[in-house]
Amino acid sequence: VSMPDVDVDFCQDRREEVIEHTRQKYGGPYVAQIITYGKLQAKLAIRDVARVCDLTFNDADRIAKLIPNELGISLEDALQEEALQRLRDGDPRVRRIYSLAQGVEGLTRQTGVHAAGVVVADRPLVELVPLYRDGPDGGPVVQFDMKSAESIGLIKFDFLGLKTLDQIRDAVAMIERNTGERIDMSDIPTDDPPTFKLLQKGDALGVFQVESSGMRELLTKLRPSSLDDLVALVALYRPGPLNAGMVDDFIDRKHGRKAVEYPLPPLEPILKSTYGVVVYQEQVMQIAQVLASYSLGEADLLRRAMGKKKPEEMAKQKVRFMQGAKDNGYDPKKAEEIFDLLAMFAAYGFNKSHSAAYGYVSYQTAWLKANHRAEYMAALMSIESANTDKILIYIGDCKRAGIRIDPPDVNHSIAAFNVPRDDRGSIRYGLDAIKNVGSSAVEAILEARAEAGGRFTGFMHCLEKLDYKRVNKKVLENLIKAGAFDWTGHHRAALLEGLEGAIASAQRDQADRASGQFGLFGGLGGGVGGVSKPAWRPPETAEWSPERLLSNERDAIGFFLSGHPTEGYADEVDKFASCRIGRLPALN
């Protein structure tokens, strides 16, 4: 009747490989990504018109910021904001810009490429649609947007990048490196007691799909004891089922506080795993098959009609359902009761194949956290390294579990968060997670460390090995503030104060080596022509106060790592605080 919806999740950083594989398998002319059209929405229309009219950035920003942050709001509706209306009415320039912006509002501004959509055709796409190339090195892109492409009969596949899959892969690789054990994640036991113990306690921070505070609370109430329970929970944790009381009903039936009832005995095999509650769309389809002899195709039409609540279609389906149930010998009154029950549940029904896939990935992440916690949390924090709010929450979770978080160190850290092979109770902070230290600088540091024999012997030894085309002063400042040079024996204030001179000295040394001018004591700070030059020494300066040290650490990392300004007041805070700051967004 209509094309299927095909969604497949892959590792986020290898999604392009999947698209290239599809081109090779089906032929480049048959495969393309899908275009998107960016339109001039209210704020963007104002900013673009203001720029063309030579308004300063600050003046344009002042107008745009008065437009409420509502999805799809129009410039006309935005005038209900009194401050905006006063500004428009009181300034002729603003009035003109606003009027011009309303003229272009909604027009297409630029094109892009759909984040996931790929079409595969049965003939070369140039015979069916106009194509567009996304930049000189980009692949072909269908010039019809997603809905238009589907309307002419093209089938769309969503190739989605899911970072959780990258995270699982990285954790498994780290576990193998540390233990020699090669884990096949498709073959882990699905009845693992430590995993269900972790879930039942709500210890699910970082566990896929169930890490929100609401989900963790629900885990402690449900106390899942099987993969089926977890799959159902993923399907039920949505506004519809929550508001309809389906979740409470499901939990009460699981724990025997309510009797598990089935509308008719033949439906028990279909509804047993969900304690008699209709949770999935597939259950609606199976019930129609069993009671009214629907074919699979007919059952899918019933599911769609119930989900969309089309009265005329529902009336037709009810006649068909009642007749089928009657032909199979079921009481018409009971059949009508079941049809109405299905219609109610279908509005909240979730696709089980989707829920099962996500529920299984959720179980896999819980299994890794329960059985290889340090490696799993290190992989998780590496994936989330740009999100300092999440990193802070996960570090707290590690500390509560007794896992030590070691500060970054240019001698021991790698780009990602890492669990050392000889100390699996600790996680070493990753260099990539330090602010203003990009991947190019990290590569340069790791290359320099390898060239130095795997370890720098001192601050200047490190600086003399670095490539200053990739590592600048700002990078080194943040490494010092983050504590990555604490092992040198020099305190952070002295290293930062003397950094400029140290870089100059290191670069002079590099230049001398490049020109072949070595001193008598070449490797020991020798100078040109055999005259020994004095070794660099940090200036005699006092170390920062604890408050300033922590403040600089926060500037470099995004939060306090080695301590916290309020540590001395922890007992008082615990007496009076009823909620942690991290929980506030969930309570809003």
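Where is Asn-387 found? The views below are taken from a predicted model.

**View 1. Asn-387 lies in the loop between helices H20 and H21.** Helix H20 covers residues 373–383 and helix H21 covers residues 388–400, with Asn-387 in the loop between them. The relative accessibility of Asn-387 is 30%, so the residue counts as partly exposed. Gly-558 is 171 residues from Asn-387 in sequence, yet the two C-alpha atoms are 9.1 Å apart in space.

**View 2. Six strands form an open sheet with mixed pairing.** The strand order is E1-E6-E3-E2-E5-E4. Strand E1 (6–11) and strand E4 (131–133) are the edge strands, each pairing on one side only. From one strand to the next, the twist averages 50°.

**View 3. Antiparallel pairs occur within the sheet, among them E2 with E3.** Strand E2 (residues 31–39) is joined to strand E3 (residues 108–120) by eight bridges. Here Ile-35 stands opposite Val-113 in E3. E3 also pairs with E6 in the antiparallel sense, over four bridges. In that pairing, Val-118 has Phe-157 in E6 as its bridge partner. Strand E4 runs antiparallel to strand E5 (residues 140–142), and three bridges join the two. Arg-133 faces Pro-140 in E5 as its opposite residue.

**View 4. Phe-10, Phe-157 and Phe-159 make up one aromatic cluster.** The structure holds 10 aromatic pairs. In the pair of Phe-10 and Phe-159, the ring centres are 5.7 Å apart and the planes are at 85°; because planes over 60 degrees apart count as edge-to-face, this pair is edge-to-face. The pair links distant parts of the chain, since Phe-10 belongs to strand E1 and Phe-159 to strand E6 (residues 155–162), 149 residues apart. Phe-10 has a relative accessible area of 22% and is partly exposed, whereas Phe-159, with a relative accessible area of 8%, is buried.

**View 5. Arginine side chains sit over aromatic rings at Tyr-294 and Trp-487.** The charged end of Arg-320 is placed over the ring of Tyr-294, at 4.4 Å from the ring centre. For Arg-455, the charged end lies over the ring of Trp-487, at 6.0 Å from the centre.

**View 6. Helix H11 is mostly covered.** The helix spans residues 227–236, and eight of its 10 residues are buried. These are Asp-229, Leu-230, Val-231, Ala-232, Leu-233, Val-234, Ala-235 and Leu-236. The buried residues of H11 pack against several helices, including helix H9 (193–200), helix H10 (213–222) and helix H12 (239–243). Helix H13 (246–254) and helix H19 (352–371) are also among the elements they pack against.

**View 7. Thr-274 occupies the loop between helices H14 and H15.** Helix H14 covers residues 268–271, and helix H15 covers residues 281–292. With a relative accessibility of 1%, Thr-274 counts as buried. The side chain of Thr-274 reaches the backbone oxygen of Val-277 at a distance of 2.7 Å. Neighbours within four places in sequence aside, Thr-274 is in contact with Phe-250, Val-279, Tyr-280 and Gln-283.

Note on methods: Residues are numbered from 1 along each chain as its sequence is written. This is a predicted model: local features need pLDDT of at least 70, side-chain atom pairs count only at pLDDT 80 or more; totals for chains, interfaces and linings use all residues. Side-chain values use heavy atoms; hydrogens and water are left out. Two strands pair if DSSP finds at least two bridges between them. Axes are lines fitted to C-alpha atoms, for helices over the stretch in contact, and angles run from 0 to 180 degrees between N-to-C directions. Buried means under 20% relative accessible area, exposed over 50%, partly exposed in between (1.4 Å probe, protein chains only). Contact means heavy atoms within 4.5 Å. Rings of Phe, Tyr and Trp (its six-membered ring) pair if their centres lie within 6.5 Å; planes under 30 degrees apart count as stacked, over 60 as edge-to-face and the rest as tilted. A charge sits over a ring if NZ of Lys or CZ of Arg is within 6 Å of the ring centre and within 35 degrees of the ring normal. A polar contact is a pair of N or O atoms within 3.5 Å; within protein, one must be able to donate a hydrogen and the other to accept it, and residues adjacent in sequence count only if both atoms are side-chain atoms.
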